[in-house]
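Please examine the structure below before reading on.

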Amino acid sequence: MNKLIPELKKSFVTALWFAFLTFPILVIKVNTVRNSILWRWGNLAAVFVLTMALSYVWRRLLEKRARGERLFDLSGLVPAKLRGIELKSVFAQKKNSRAALAVLLALAVLFPFVAGMYQTNIVTTALMYVILGLGLNIVIGLGGLLQLGYAAFYAVGAYTYGILNTRFGLSFWIALPLGAVLATIFGIILGFPVLRLKGDYLAIVTLGFAEICRIVLENWNDFSSGPSGISQIDRPPFFGIKLSVPQSAIYLYLITLALVVVTVFIVRRLENSRLGRAWEAMREDAVASEAMGVNLTIAKLSAFALGAFWAGMVGVLFAAKTTFINPASFTLMESVLILCIIVLGGMGSTAGVIVGALVIILLPEYLRAFTQYRMLLYGSILVLMMVFRPGGIIRKVRKSYVFKADGQVEGAGHE
Amino acid sequence: MSESILDAKNVTMNFGGLRALNDVSMTIRQGEIVALIGPNGAGKTTFFNCVTGVYPPSAGTISITPPGKSPEVINNLLPHVVTEKGLARTFQNIRLFQNMTVLENVMIGRHARLKAGILGAILRDGSTREEEQKVIHDSYEILKKIELEKYVNELAKNLPYGAQRLLEIARALATEPFLLLLDEPAAGMNPKETGHLDDLIVRIRDTEKVSIFLIEHDMSLVMRVSERIYVVDYGQLIAEGTPAEIKRNPVVIKAYLGEEVNA
């Protein structure tokens with residue numbers, strides 16, 4: 001109780017400060033026609049009371065977090081029968097986690113047939129960002145290479161399909177691997193000059209690389225039709241049959257979903273391999289990893305190449321989905337958005353990146369109901385998440401092993 | 001006398017105008033424990049860095065003779081190649097992979113001895129799976145030798161300081177070296193831990209058939225474990241000999257304690 005007064009005092013000062021800051025825009029309203037000023041004192045009071053309350057709650061929550069307590073105790077909502085069963089331990093068993101995954105996948109497959117075309121389309125976009133996130137996660141989350149030019153590889157894939165399809169009539173299924181491979185080659189090309197760079201310097205160079213790619217696309221009219229972009233790209237045909245627009249939305253959704261499954265499968269395997277360990281060692285300490293026999297050249301180039309691979313693939317998907325591409329789709333903002341997905345979801349954690357992509361892409365769509373407050377809410381939610389879960393929504397769990405007395409592995413699981 | 005496994009001849013290292021090492025020659029023979037001592041900034045770690053490929057020396061040759069193999073020059077090899085050849089090192093300022101588990105740290109040390117590539121990782125064929133099982137098992141065995149097995153699933157950064165130093169040694173041993181270079185392994189350890197380290201160093205040499213080359217400031221440790229000592233000061237080799245000889249060597253005493261000034 002004796003802490004209440006100083007706490008309230010702090011909130012009071014914050015509220016006062018906010019009232020002062022918002023005074024010019026929220027209180028004074030100048031009418032230039034009638035040359036009069038309207039003083040909206042009611043607004044001032046509202047701002048004051050609201051910020052005081054918010055600031056108080058905010059500080060209480062931060063304090064709670066500092067004490068290591070749970071922010072919201074939801075245990076009251078769980079039926080008594082199920083209490084005491086830890087979700088983690090239920091899913092730690094392979095059988096249970098597999099069953100849960102199968103149910104989730106079945107629901108995901110059924111989704112477009114139940115939901116409308118709008119829903120299908122936005123979820124398809126979100127799934128594309130899941131793949132992009134997982135790809136960039138190899139470079140940043142595992143390899144620790146701060147790469148800010150990821151959109152360039154995305155553009156390589158999109159333009160591969162756009163140009164080859166509109167000019168040479170190449171089909172989607174041939175362009176898909178081709179776009180991925182071309183992006184991989186670009187990844188390696190970018191990888192060579194930056195082999196000796198790390199951290200901020202690497203970020204600047206990759207950023208520059210992406211800008212070069214975008215500006216070339218914008219200005220090389222004969223090649224890429226410049227800023228007006230490439231239109232009338234074919235949607236993927238279903239075994240030669242041309243689909244209607246709603247049908248093809250469902251078809252693309254299913255293709256993307258399948259690719260997400262493939263990506264997750266491959267990325268998980270890479271992560272738990274000799275190469276994945278080398279990437280993580282490089283992230284933790286490049287000098288030490290080299291001294292332990294890790295070839296940094298191979299580790300870096302493979303991280304760049306494999307990261308770019310997925311971007312190229314999603315680029316082809318993107319071109320097929322929107323049927324129109326232009327350089328404005330591949331700006332720095334795009335790279336930053338994908339980086340946000342990783343940071344928000346949880347660096348290096350596959351599940352985290354998936355959830356992060358869904359949150360970042362779907363949230364602004366579902367917030368449309370709030371019309372003009374949409375972006376304000378979106379921003380605040382991102383800030384709150386980062387304050388209360390700085391490690392990301394789902395943090396990476398390291399594999400742990402149980403050994404028998406003779407040193408044989410008895411079991412492997414997650415902590 | 002057994003044959004030499006590391007031969008450094010007239011090694012010089014310049015950093016711009018600064019000569020960190022000047023014409024230093026050293027030899028390590030099979031099965032020896034050799035110490036490299038000298039005041040701070042004398043060039044000890046620079047010498048280690050030259051040997052392990054962090055810097056190519058400005059002049060001179062460094063060659064190794066792995067047991068049962070012919071000599072080869074390792075001057076301009078990259079660090080990971082030097083490690084593959086059979087030299088392993090630890091770092092003066094602990095450089096563990098902080099956010100990885102203790103076991104994973106040791107598994108990284110096995111990296112150069114494994115073969116799996118990208119395709120193997122994705123397909124996870126029989127030989128890759130077998131290799132993975134083996135690396136987990138081998139790494140655990142190494143942890144047992146260094147008595148770190150109770151920390152196996154712990155993150156490296158959560159280990160007590162002394163254990164972190166030992167983990168560096170475990171990780172280096174995992175690369176299967178014939179020569180282990182320890183850069184101040186006892187720094188920051190308490191006397192009890194240092195005593196334990198004595199035994200460990202000798203035990204590693206005896207059971208793993210590894211020769212040991214160590215930089216150390218803790219003179220009691222150096223005098224107890226090493227069979228020969230090299231002393232450097234200002235980048236120059238100033239003395240070489242058994243611990244007893246070094247203790248009596250007036251040049252060494254002068255380097256450490258300074259010269260009397262006659263007014």
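## The contact between the chains

Between chain A and chain B the count is three salt bridges, a salt bridge being a side-chain nitrogen of Lys or Arg within 4 Å of a carboxyl oxygen of Asp or Glu. One pairs R277(A) with E132(B), whose closest N and O atoms are 3.2 Å apart. In another salt bridge the side chains of E104(B) and R398(A) meet at 2.7 Å, N to O. Because E104(B) lies in helix α3 (residues 102-109) of chain B and R398(A) in the loop between α16 (374-388) and β3 of chain A, this pair joins two chains. Over all chains, the structure holds 28 salt bridges.

The model is predicted, so local features need pLDDT of at least 70 and side-chain atom pairs count only at pLDDT 80 or more, while totals for chains, interfaces and linings use all residues. Residues are numbered from 1 along each chain as its sequence is written, chains are lettered from A and ligands numbered from 1 in the order in which they are written, and side-chain values use heavy atoms, with hydrogens and water left out.

## Extent and make-up of the chain interface

The contact, defined by heavy atoms within 4.5 Å, takes 38 residues from chain A and 42 residues from chain B. The area buried between chain A and chain B is about 3,600 Å², with carbon and sulfur atoms giving 61% of it; buried area is the accessible area (1.4 Å probe) that two parts lose on being put together, summed over both. R274(A), R277(A) and M292(A) supply 24% of the area that chain A buries against chain B, which is more than any other three residues.

There are 13 residue pairs in polar contact between chain A and chain B, counting pairs with both residues at pLDDT 80 or more. A polar contact is a pair of N or O atoms within 3.5 Å; within protein, one must be able to donate a hydrogen and the other to accept it, and residues adjacent in sequence count only if both atoms are side-chain atoms. On the side of chain A that touches chain B, two or more residues come from each of α10 (245-271), α11 (274-284), α12 (286-291), α13 (296-322) and β3 (399-403) of chain A, where helices (H or I, at least four residues) and strands (E, at least two) are DSSP runs numbered from the N terminus. Of these, α11(A) gives the most, with seven residues. The residues of this side of chain A divide into 16 nonpolar, nine polar and 13 charged, with Ala, Val, Leu, Ile, Met, Phe, Trp, Tyr, Cys and Pro counted as nonpolar, Asp, Glu, Lys and Arg as charged, and the others, Gly among them, as polar.

## Chain A: confidence and domains

Among the elements of chain A, strand β4 (residues 409-414) has the lowest mean pLDDT (60), whereas α13(A) has the highest (94).

Chain A is divided into domain 1 (4-68) and domain 2 (96-399), the bounds coming from an automatic or database domain assignment. The centres of these two domains of chain A, taken over C-alpha atoms, are separated by 41 Å, and the contact takes four residues from domain 1 of chain A and four residues from domain 2 of chain A. The area buried between them is about 390 Å², of which carbon and sulfur atoms give 81%. Between domain 1 and domain 2 of chain A, the count is zero salt bridges.

## Chain B: domains

In chain B the domain assignment gives domain 1 (1-86 + 177-263) and domain 2 (98-170). Their centres, taken over C-alpha atoms, are separated by 27 Å, and the contact takes 18 residues from domain 1 of chain B and ten residues from domain 2 of chain B. About 1,100 Å² is buried between domain 1 and domain 2 of chain B, carbon and sulfur atoms giving 59%. In domain 1 of chain B, E84(B), H196(B) and L200(B) lose the most area to domain 2 of chain B, together 29% of what that side buries.

Two salt bridges are counted between domain 1 and domain 2 of chain B.

Key:
pLDDT is the predictor's confidence in each residue, from 0 to 100.
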